[in-house]
Amino acid sequence: MHQVPEKLRDVRVVDPDQVCDATAVLADTEQVQHAAAVLDALGDVNRLSILLALHHAGDLCVSDLAFAVGMSDSAVSHALRLLRAHGMVLASREGRLVRYRVTGALTERLLDVVSDGVVGEVALHAHGHPVDG
């Protein structure tokens with residue numbers, strides 16, 4: 001059971017049990033920072049579009065992504081570098097072709113939530129089943 005640390009017990013708080021709970025859920029600062037970075041990356045319409053395309057269509061190369069989201073190859077490459085740096089996409093090489101895919105449980109879960117609100121029922125050709133928005 002967690003408690004307010006001894007050194008902070010003299011600090012006036014209104015509800016020490018709730019303060020204890022609040023500090024406990026924020027204890028893993030590295031994970032909180034990672035979540036903030038993922039949310040920040042999702043906050044850009046171009047990066048979000050790239051992630052939604054990958055999430056629903058599967059592995060895609062830069063040129064196919066660029067066509068799908070209406071961006072230049074260089075802009076997509078730049079966005080993918082940032083998404084890779086945050087551990088949100090992985091690249092895999094197939095000969096000269098590099099394909100990207102969504103990775104990370106947090107990223108997948110957030111994209112599921114976003115998809116529920118923004119993606120209608122869409123018949124997907126590559127997977128042969130509709131997406132339920």
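Start by selecting Arg84, which sits in helix α5; helices here are DSSP runs of H or I with at least four residues, strands are E runs of at least two, and both are numbered from the N terminus. You are looking at a predicted model, where local features need pLDDT of at least 70, side-chain atom pairs count only at pLDDT 80 or more, and totals for chains, interfaces and linings use all residues. Residues are numbered from 1 along each chain as its sequence is written, and side-chain values use heavy atoms, with hydrogens and water left out.

**Stop 1: around Arg84.** Arg84 counts as partly exposed because its relative accessibility is 45%; buried means under 20% relative accessible area, exposed over 50%, and partly exposed in between, with a 1.4 Å probe and protein chains only. Show its surroundings next: leaving aside neighbours within four places in sequence, Arg84 is in contact with Val89, Ala91 and Tyr100, contact being heavy atoms within 4.5 Å. Then draw a distance from the C-alpha atom of Arg84 to that of Thr103: the two are 19 residues apart along the chain, yet 9.2 Å separates them.

**Stop 2: the sheet.** Select β1 (60–61), β2 (89–94) and β3 (97–102). Together they form an open sheet of three strands in the order β1-β3-β2, with antiparallel pairing; two strands pair if DSSP finds at least two bridges between them. β1 and β2 are at the edges with a single partner strand each, so one side of each has no neighbour in the sheet.

- β2 and β3 run antiparallel and are joined by six bridges; Val89 has Val102 as its bridge partner in β3.
- β1 and β3 pair in the antiparallel sense over two bridges: Leu60 stands opposite Tyr100, and Cys61 has Arg99 as its bridge partner.
- The β2 and β3 hairpin has two residues between the strands, and Gly95 takes a positive phi near 65° there.

Now bring α5 (73–85) back into view. This helix lies across β2 and β3 and runs at about 115° to β2; axes are lines fitted to C-alpha atoms, for helices over the stretch in contact, and angles run from 0 to 180 degrees between N-to-C directions.

**Stop 3: helix α4.** Select residues 62–69 and colour Val62, Leu65 and Ala66, which are buried. They cover an arc of only 100° around the axis, which puts them on the same side of α4; the arc is that of the directions from the helix axis to the C-beta atoms. Turn to the face away from this buried side to find the exposed residues Phe67 and Ala68. Just after the helix, Gly70 takes a positive phi of about 75°.

**Stop 4: the core.** Finish with the largest nonpolar core, which has 23 residues. Such a core is a set of buried Ala, Val, Leu, Ile, Met, Phe, Trp, Tyr and Cys residues joined through side-chain atoms within 4.5 Å. Ile50, Leu51, Leu54, Leu65, Val76, Leu80 and Leu83 touch the most other members. The largest share, six residues, comes from α3.
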